[in-house]
Amino acid sequence: MSDILNLDFASPTPPPPSGNPDRFGGRWRLVGAGLSNVWRYGDLDLPAASGRLLLRGPNGTGKTTALEALWPYLLDLNAAKLAAGKARPTTLKLLMSEGAPAKGRRYGYLWLTFAAPAGAPAATALEEATSHDGEVSFGVRLQYSPSSTPAVKVVPFTVPGRPLKELALRAPTGAALEHEEFSARVEAAGGQVFQDSEDYVEHLAARIWSTTAAELRELASRLREVRNPTLLGDVSPTAAADALRQSLPGVASDVLAATAEALAESDTTREAFERDEHAATVLAEFARVWTGHVVDVTRTAYTAAREAADEARARHQQVQKGSGMLTHAKSAVEQATAEVQRLSTDHRAAMATARAIEISDAYKAHGRVTDLRKRLKAEQVAAAGSLSTLDTAATQARTQTKNSQEVLDEIIADLAELAADAESVGIPPTALDVLLAHHPRARVTRSVADRVFDPGPGITLTHDRSGLQQLATGWEASAKDHRAAADKAALVQRDYRPVAAAAETAQTTSRKASDAESTYDEASQAADRATAEARTAARQTLAAVAQWALHHAHLRGLHNDRPSPSTSIPCGTQMTSTLSMALNLPLCVTNSMPGPIRLCEPAKPSPPYTKARPRTISPPRLTSTPLPGSTVPTPAVCAPGSCCRCRAPTGRAPAMMTPHSERCWNGVPDSTTRTTSRR
């Protein structure tokens, strides 16, 4: 457990560089490279602390593409020789367009990082102040725009340290840097942005290789030849060998001998020799077996060759036959050639005639007429389009005016409706025609040839914005007050709901009582009409009986009621007889007695029925004048305000009526009268 806890996860110390160590500390050396936003790469930093860079990966991951973009392109910036072979189409445009968005610009970066030798001075004071372990990077900024020419613009630069570490290549938000912002960052880091590739190559050659730009370009060319020997395909073998010898560093013979001795002395070399000896034995056995196989294959091949020879003889015969056909074809070709020459002569003559026609005045005039016709047709088409556009504009103007008028009418109608609603709730009336109105106005028509384009009448709109705003403000305030009142009414209505049922029951009961009262009134009126009809019939009967009784005095019970002939009774005197009392109807004398007798006029009917105060129908009151021999007591004279109903003709004293109560008989009750009254 303690061993696990004491594990060291730190990166192991890199091994020392192989070869002569003096060559690493005494001159500039490559310590890294990188690509950013180029091809399909994002940010790719390639460290090379040992001075060598090895790229490994599956096919298609971009190893060769990265090498083409970095080395030796960054030495001479020769974009025409990026490809590592004839079959590769690598260009700067391909590097920037591959993996780029469909639209817009793209900015990429390529660089090589070199470590300065010990004690090498800095190029500038700012570089010395910002130096990072003596490392300096040389690279380019690739600005890609599909619509520009050329599509990729190369901006070379140098900067102390390494990009992506000491030099940020993007804004804090992740957006790409513009050219001015990138230049400012490079200069702030102690670097330099070059105006063209020539300045960059000269600076790189002088700073890193201490040579001229021409020699640096020669070095880049040699590197391309070593990387791609096919570039030497057009030269002789001797020249190619010389070029490769010049490109590759030479090795002295003593170095080769020392190397051979060292290899022979090593155990590894001896083991390799033993493996080679065993391999030689195996190869000898394989050669023996392979020889027998070769004999069989040769025999088979000989048989196939003999068959091929027979087939060749047959084909030779076919060739001879074909030769005869070829001779015949050549004759035909010669004839065709002569015909072609003749047709060529005719064609040249025809072309000369055509050129003569083309330069003639008639042909030129025809061409001008044709051009004029085309121009006329084009102008006619343009005029038709303009007329159609004008007609469409006039139609649209009429339609828009009509739609605007309808919309204004709807708005005015809505305002009128709102004003009516506001007036119905107590808001003072408003003159809407002053606030908002529209009137038609004439517009100019356009005449083109025989066509007239009428845009229709226009609209003049008059409105008072401040008045409308004040009206709306007033309505809103009133609506707010009414909403508050409505809320209060809703509360009252909610409180009224418990007594609504009782109120409805009371209304129903009141309607029933009113209906019963109406029914009672109708029955009472019917009873009054029946009573009046019965009394009228009774009066007529009594008058007839009384008249008849005057002429038949010999009948028993009636002769005592007739006055003597010498008795004089004033006209209009009411009399009472046994029969009239039995019928409770008075008799009146029409003339001085003796004479005819008629019924007295009935008392005036009671006032009409009133629902608020039902009337009570009293029985009729009778007045009488005692006849000679009658036993009726003397009645009292009715006084105003008494219980009697008094009636007297105009100019006469109140008549003496028969009371309907026994109290009016001077305290002398009469059973007959009471009985008659009850009847």
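Modeller: Begin with one term: exposed means over 50% relative accessible area, and buried means under 20%. Please keep in mind that this is a predicted model.

Biologist: Which residues of α7 are called exposed, and on which face are they?

Modeller: E180 and A188 are exposed, and they sit on the face of α7 turned away from its buried side.

Biologist: Which residues of α7 are buried?

Modeller: Helix α7 runs over residues 179-188, and F182, S183 and V186 are buried in it.

Biologist: How do you know that they are on the same side of α7?

Modeller: They cover an arc of only 100 degrees around the axis, so they lie on the same side of α7.

Biologist: What do the buried residues of α7 pack against?

Modeller: They pack against four strands: β3 (106-115), β4 (135-144), β5 (152-160) and β6 (192-193). After α7 comes G190, with a positive phi near 95 degrees.

Biologist: Why is D76 called buried?

Modeller: The relative accessible area of D76 is 9%. The cut-off for buried is under 20%, so D76, at 9%, counts as buried. D76 belongs to helix α4, residues 73-76.

Biologist: What makes the pair D76 and R224 a polar contact?

Modeller: Their side chains are joined at 3.0 Å. The limit for a pair of N or O atoms is 3.5 Å, so a pair at 3.0 Å is within it. Leaving out residues up to four places away in sequence, D76 touches V201, R217, A220 and R224.

Biologist: Why is V294 called partly exposed?

Modeller: V294 has a relative accessible area of 35%. V294 is in helix α12, residues 267-358.

Biologist: How many helices and strands does the protein have, and what share of its residues is buried?

Modeller: There are 17 helices and 13 strands. Of the 679 residues, 23% are buried. The accessible surface comes to about 45,800 Å², with 58% belonging to carbon and sulfur atoms.

How values were computed:
Residues are numbered from 1 along each chain as its sequence is written. This is a predicted model: local features need pLDDT of at least 70, side-chain atom pairs count only at pLDDT 80 or more; totals for chains, interfaces and linings use all residues. Side-chain values use heavy atoms; hydrogens and water are left out. Helices (H or I, at least four residues) and strands (E, at least two) are DSSP runs, numbered from the N terminus. Buried means under 20% relative accessible area, exposed over 50%, partly exposed in between (1.4 Å probe, protein chains only). A polar contact is a pair of N or O atoms within 3.5 Å; within protein, one must be able to donate a hydrogen and the other to accept it, and residues adjacent in sequence count only if both atoms are side-chain atoms. Contact means heavy atoms within 4.5 Å. The arc is that of the directions from the helix axis to the C-beta atoms. Accessible areas come from the Shrake-Rupley method with a 1.4 Å probe; for residues, only the protein chains shown count as cover.
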